[in-house]
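Welcome! Take a moment to look over the sequence and turn the structure around before reading on.

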Amino acid sequence: LLPVVASDRPRVRPDGGAAAETIDLKGRLILVVDDEPAVRKVGMGFLRRLGCNVLAAADGYEAIRVFGQRHTDIDAVLMDFTMAGMDGLATCRRLRVIRPDIPVVLSSGHDLEDQLDDAGNLTCAGFVSKPFTLKQIKGELGRVLVEAERNGAGV
């Protein structure tokens with residue numbers, strides 16, 4: 001009875017992003033951005049176990065530099081929401097200037113509702129809560145890549 005309204009907020013599921021429909025992640029190039037070395041290492045390890053190729057950045061500035069050099073090769077970005085210097089929102093906006101269709105999955109260990117309220121009009125593809133699991137990363141990245149392919153993105 002009500003009209004459908006498109007939202008620019010990410011669709012977040014209570015299970016942390018596990019999607020029923022996923023695609024093979026083998027060979028996909030994922031940029032992992034996190035200012036905490038241990039978290040970055042875990043994320044990279046999970047992605048490698050899934051068969052992904054991985055690039056890493058320790059902060060938003062490095063992410064923009066790496067993305068600028070490899071933006072045509074990168075399939076998706078897994079990025080921390082809260083980082084020193086340039087946070088995940090500002091970094092996401094800068095990445096979208098370079099390539100508007102890049103699927104960005106934000107991650108955070110803070111309260112989900114607060115994060116989404118702060119996101120404002122940012123269009124990110126997805127969200128996973130920290131600490132994330134291999135299953136959550138696989139599900140959410142698979143889901144955003146399926147959606148990007150449906151929308152004709154260069155993935």
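Which residues of the largest nonpolar core touch the most other members? Keep in mind that this is a predicted model. The largest nonpolar core has 23 residues, and those that touch the most other members are Leu 31, Val 33, Ile 74, Val 77, Met 79 and Leu 106. Two or more residues each come from strand 1, strand 2, helix 2 (60-70), strand 3, helix 3 (88-98) and strand 4 (104-108). Helix 2 gives the most to this core, with 4 residues. Apart from this core lies another one, of 21 residues, including Leu 25, Leu 50, Ala 125 and Phe 132. In soluble globular proteins, nonpolar side chains tend to be buried together.

Let's follow strand 1 next. 5 of the 5 residues of strand 1 (residues 29-33) are buried, so this strand is largely enclosed by the rest of the structure. In a regular strand, side chains alternate between the two faces of the sheet. Here Leu 29, Leu 31 and Val 33 point one way, while Ile 30 and Val 32 point the other way.

In helix 3, the buried residues are Gly 88, Leu 89, Thr 91, Cys 92, Leu 95 and Arg 96. These residues cover an arc of only 160° around the axis, which puts them on the same side of helix 3. An α-helix has 3.6 residues a turn, so residues three or four places apart point the same way.

Asp 87 caps the N-terminal end of helix 3, with a side-chain oxygen 3.2 Å from the backbone nitrogen of Leu 89.

The loop between strand 3 and helix 3 holds Phe 81. Is Phe 81 buried or exposed? Its relative accessible area is 7%, and buried means under 20%, so Phe 81 counts as buried. Phe 81 and Phe 127 are 46 residues apart along the chain, and their C-alpha atoms are separated by 9.3 Å.

Terms used
Residues numbered from 1 in each chain as written. Predicted model: local features only at pLDDT ≥ 70, side-chain atom pairs only at ≥ 80, totals over all residues. Heavy atoms only, no water. Buried < 20%, exposed > 50% of the residue type's maximum accessible area, 1.4 Å probe, protein only. Core = buried A, V, L, I, M, F, W, Y, C linked by side-chain atoms within 4.5 Å. Arc of directions from axis to C-beta. Polar contact = N/O pair within 3.5 Å; in protein donor to acceptor, adjacent residues only side chain to side chain.
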